[in-house]
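Please open the model in a viewer and keep the selection panel at hand.

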2 protein chains.
Amino acid sequence: MKYSFASHVEWIMSSPSDNISSNPQQGSFISLADEWPTSDIFPLTSMHTAATDVLLSLPQALQYGNIEGYMPLREWLQLEWKQHKQLDLDINQILITRGSEHAMDLLVRVYVDKGDAVLVENPTSPSSLQILRMQGATIIPVEGDQEGLLAQQLVELIEKHHPKLLFVTPNFTNPTGVLWSLERRKQVLELCRAYQVFIVEDDSYGDLYFEESKENEPFSRRYPSLSALDDHGKGGQVLYVGSFSKTVAPGLSTGFAAGPSKLIEVMGAAKQWVDRQSCNLNQRLLYQMLTSTTFDWHEHITLLRREYSTRLRLMTELLKRPAWRKAKYNLPSGGMFLWVQLPEGLRSELLLKCSISKGTSFCVGTECYADKNMGFDVIRLNFTHPRRDELLLGMHLLSEAVNEFTARS
Amino acid sequence: MKYSFASHVEWIMSSPSDNISSNPQQGSFISLADEWPTSDIFPLTSMHTAATDVLLSLPQALQYGNIEGYMPLREWLQLEWKQHKQLDLDINQILITRGSEHAMDLLVRVYVDKGDAVLVENPTSPSSLQILRMQGATIIPVEGDQEGLLAQQLVELIEKHHPKLLFVTPNFTNPTGVLWSLERRKQVLELCRAYQVFIVEDDSYGDLYFEESKENEPFSRRYPSLSALDDHGKGGQVLYVGSFSKTVAPGLSTGFAAGPSKLIEVMGAAKQWVDRQSCNLNQRLLYQMLTSTTFDWHEHITLLRREYSTRLRLMTELLKRPAWRKAKYNLPSGGMFLWVQLPEGLRSELLLKCSISKGTSFCVGTECYADKNMGFDVIRLNFTHPRRDELLLGMHLLSEAVNEFTARS
């Protein structure tokens, strides 16, 4: 029969790196395109101990769970955030999801009608764009600099489009890696409050900062989340989303949304009907591990930070090669990505084709822009998933590919 | 700030049994309202062995998985369906999801625009209705009898509304427990083919038949799925959805969609962006268990069937009490629910209030109708989740509640 898809499907199907991203482990192919963490530091043994504890004593772990998520895990987050993130939330402000994307998707599904305007950073993550396209939102990009979103442009666009939502990632924005300044955080929050624009703050990368704390002032004090600035999470202006996929393991499919209890309630109701629960077993495994004596959460994150910092340094070492002479980038101080402006005249799609033929890939910039006519000359490189040796080889192949174009001109 | 929800949120929030369903294990409360399997027959030991095998040898199990699902699990389904379900599918026709609801939700999100007409059985499952409401579909209910949907009415409604989709559950419809006759299955499939209405077939309960096979003719030959009748799954007219939640364990959050490869491809693309993957770890655990020597899938299902058949018999024994003298029901030959027409004049909402005060609950009929003015005098009882003793006590309390009303009149 002839299939008659919904009107937004055209957008969804137009993602060029789809097939590359989904098969990064095929043979010797090295993907620098993904949003994956390293597999080398997964806490396999601790997870196995947790699985033994949970599966041999708790049949409930295999039953449906609560819609809102496993209560002890929500309480763990509540305490962790209170102690380390300047967030002081009630338990009914916390909803367990399958990840940060699932959290954003749920919010968009209950908050956005087709045609509603939503502001995003320009550029922004491919998944934010697709989540908004799936719901038929009108996406309005806002420019930023190395300090965060440009306040003046934000005001102009708010006054022009009357958006319902603003999507931001103040800690190591995907793809640019920008870390917003404290001043800019406060400014954006105040503007959104004044104009009644609700903020969705993705903090998926917030634990992955590379700089060690100075004079005992922890990262989250120097760079408080918008949610923390919003009366420690009680101001009602921000939905804070994130996940354990980048810090513990994506295979657990466990993340969270935290915000105004009314919003969390509605998101929970929607969640109940469209997928009933996030994985109950995994939430219990995760909680069991987080609270066991064989695993130290903060030590684990510190280990990840050091490894990723090293991998980024390796990557930038290779960018010193002649092939990249005319490329530009800002060195991020955390996160998972390096955003590189290609030498003038070099188009990312052509470079990608050539790179794939050599055995490596990256994310083309166009995927990160709402406007499909932008981003032809930028690429996003992931430095967390490839092992150090793979990273070196991948960057070597990519440099070869760049050389083939730049040597000609 | 003032929150401005999407227009369909009102519908989503209007589910009365929400709070009851999500807390069925609180204290001594006995819920007959849920769609839960028994916790008594979860394969905990086999699952633990599988967890040991997977976690101690496969770091990939904790990484992101393929969008389409874990390939060996898809191959397991392919073979199982070929051998036991008269389905002969290509591997790219099979997509792993988080469950049957997730599969239906994905299809609806890529196929239905706001206002598009979708046919459902009347009554139908509360979650089908909510999934369609979330997408803003115009829901058109079609009446049925003990053989399945009424073909004549189906034709009339198709000609009047030009629907895009028909949602059906031929094996033990939720809530009525009806098992469609072979003749009706063929008739509905032919009509939908003639009018180009795509069918979504939920087979979540198809393995839970109580009658043992007669003269070596297995259940799936006597009652082939619409998908099997549609050229063994290759006719392109049907999306076949189901899950392991009712047969192995809901805590695994693993289900599937199978259908035309074009449709599966688009659903996969949507899945990639809104939640990237279904739980990778769980798919591997499940596969490991299904193929291990410590677990026999068909024996396990047989065990479930026998237990559920016994529990249904217990439930109907209690319905022979005087309180229920004027109640009516058809005895289902499988599934998880008994659909009971209350004695005349007794309204399910009032009965529910009284039942809750006594310590038990059920699903009110109104939740199963697209038209909110229907179903006031019917209730859905679940006989799979409460243990035998709980079932007896729950039915006893419920009978008391009925008595309080009927004794008066």
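**The interface**

Begin by displaying chain A and chain B together. In this predicted model, the rule finds 29 residue pairs in polar contact across the interface of chain B and chain A, both residues of each pair being at pLDDT 80 or more.

The size of an interface is often given as the accessible area lost when the parts come together. For chain B and chain A the buried area is about 7,700 Å², and carbon and sulfur atoms give 59% of that area. Pick out Met1(B), Leu62(B) and Trp273(B): these residues supply 11% of the area that chain B buries against chain A, more than any other three residues.

How many salt bridges does the rule find across the interface of chain B and chain A? There are two. To view one of them, select Arg109(A) and Asp105(B), whose closest N and O atoms are 2.8 Å apart.

**The cysteines**

Select the cysteines of both chains. Over all chains, the structure holds one disulfide. The partners are Cys279(A) and Cys279(B), with their sulfur atoms 2.0 Å apart. A disulfide is a covalent bond between the sulfur atoms of two cysteines. The torsion about the S-S bond of Cys279(A) and Cys279(B) is about 50°, so this disulfide is right-handed. Cys279(A) sits in the loop between helix H11 (261-274) and helix H12 (280-290) of chain A, and Cys279(B) in the loop between H11 and H12 of chain B; the pair therefore joins two chains. Both Cys279(A) and Cys279(B) are buried.

Cys368(A) is buried, with a relative accessible area of 0%. In chain B, the sulfur of Cys368(B) is 4.3 Å from the closest cysteine sulfur, in Cys363(B), which is too far for a bond. Cys368(B) is buried, at a relative accessible area of 1%.

**Backbone geometry**

Most residues other than glycine have a negative phi, and most peptide bonds are trans. The remaining selections concern exceptions.

Select Asn122(A) and Pro123(A), which are joined by a cis peptide bond with omega about 0°. Pro123(A) belongs to the loop between strand E3 (117-122) and helix H6 (126-134) of chain A. A cis peptide bond also joins Asn122(B) and Pro123(B), again with omega about 0°, and Pro123(B) is found in the loop between strand E3 (117-122) and H6 of chain B.

Where does His162(A) lie? Its place is in the loop between helix H7 (151-161) and strand E6 (165-168) of chain A. Phi of His162(A) is near 45°, a positive value in a residue other than glycine, and His162(A) is exposed, with a relative accessible area of 63%.

Finish at Gln196(A), in the loop between helix H8 (182-195) and strand E7 (198-202) of chain A. Phi of Gln196(A) is positive, near 55°, and Gln196(A) is partly exposed, with a relative accessible area of 37%.

Terms used: Residues are numbered from 1 along each chain as its sequence is written. Chains are lettered from A and ligands numbered from 1 in the order in which they are written. This is a predicted model: local features need pLDDT of at least 70, side-chain atom pairs count only at pLDDT 80 or more; totals for chains, interfaces and linings use all residues. Side-chain values use heavy atoms; hydrogens and water are left out. Buried area is the accessible area (1.4 Å probe) that two parts lose on being put together, summed over both. A salt bridge is a side-chain nitrogen of Lys or Arg within 4 Å of a carboxyl oxygen of Asp or Glu. A polar contact is a pair of N or O atoms within 3.5 Å; within protein, one must be able to donate a hydrogen and the other to accept it, and residues adjacent in sequence count only if both atoms are side-chain atoms. A disulfide is a pair of cysteine sulfur atoms within 2.5 Å. Helices (H or I, at least four residues) and strands (E, at least two) are DSSP runs, numbered from the N terminus. Buried means under 20% relative accessible area, exposed over 50%, partly exposed in between (1.4 Å probe, protein chains only).
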